[in-house]
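Okay, thanks for coming, everyone.

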Amino acid sequence: MSSGAHRRSTVAVKDALRELRNQLALLNHQVSAQLALKDVDLECLELIARHGPLSPSAVARRAGLHPATMTGILDRLQKGGWIVRERDPEAADRRSVAVRAVRGRNGELFRLYAGMNTAMDELCAEYSEDELALIAGFLRRATSAGQDATGALAGD
């Protein structure tokens, strides 16, 4: 492939990733609205559900938010019955708290994302295992590049 064609293909991939990011943000916004959550609350809930239990400071770090901001988010999520705060039995400091998602609430999230999950299953069915492995590898590397760029901007 010529360097001009490669450059155009690279631009097309970057444009497609931006469009995907925008569309996923719109989907998440609709899910947040259906659940009467703020967008940032849903993002934090997803982090807790995927990686928890986590300390509030770990959630703040992963979300790129100030710990004081995180307190309000966790308060709203707890009031809504989405998370619980528990003493962390493995922490050296007995006052340490771990935050975990309430499993019984997952059904609401799954229901709202069902349309996208079904569409993704249908889309993935059109690709071979090798192609899916290539796509998954690309997306992991793109995520890592995003983490590196974020860290550089944050001065990490």
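Predicted model: local features only at pLDDT ≥ 70, side-chain atom pairs only at ≥ 80, totals over all residues.

**A helix and its neighbours**

Start with the pair on screen: α2 and α4 pack with their axes 10 Å apart, at an angle of about 80°. That makes α2 roughly perpendicular to α4. On the α2 side, the contact comes from Val40, Asp41, Cys44, Leu45 and Ile48, and on the α4 side from Met70, Ile73, Leu74, Arg76 and Leu77. Sort the contact of α2 with α4 by class and you get eight nonpolar residues, two charged ones and no polar ones.

Now, α4 on its own. It covers residues 67–79, and at 1.5 Å a residue those 13 residues should span 18 Å; the end C-alpha atoms are 18 Å apart, so the two agree.

Which residues of α4 are buried? Met70, Ile73, Leu74 and Leu77. Look down the axis of α4 and these buried residues fall within an arc of 100°, so they line one face of the helix.

One last thing, for anyone who likes backbone torsions: after α4 comes glycine 81, and its phi is positive, near 80°.

That's my bit, happy to take questions.

Conventions
Residues numbered from 1 in each chain as written. Heavy atoms only, no water. Helix = DSSP H or I, 4+ residues; strand = E, 2+ residues; numbered from the N terminus. Expected span 1.5 Å × (residues − 1). Buried < 20%, exposed > 50% of the residue type's maximum accessible area, 1.4 Å probe, protein only. Arc of directions from axis to C-beta. Axes fitted to C-alpha atoms, helices over the stretch in contact; angles between N-to-C directions. Parallel < 35°, antiparallel > 145°, perpendicular 65-115°, else oblique. Contact = heavy atoms within 4.5 Å. Nonpolar A, V, L, I, M, F, W, Y, C, P; charged D, E, K, R; others polar.
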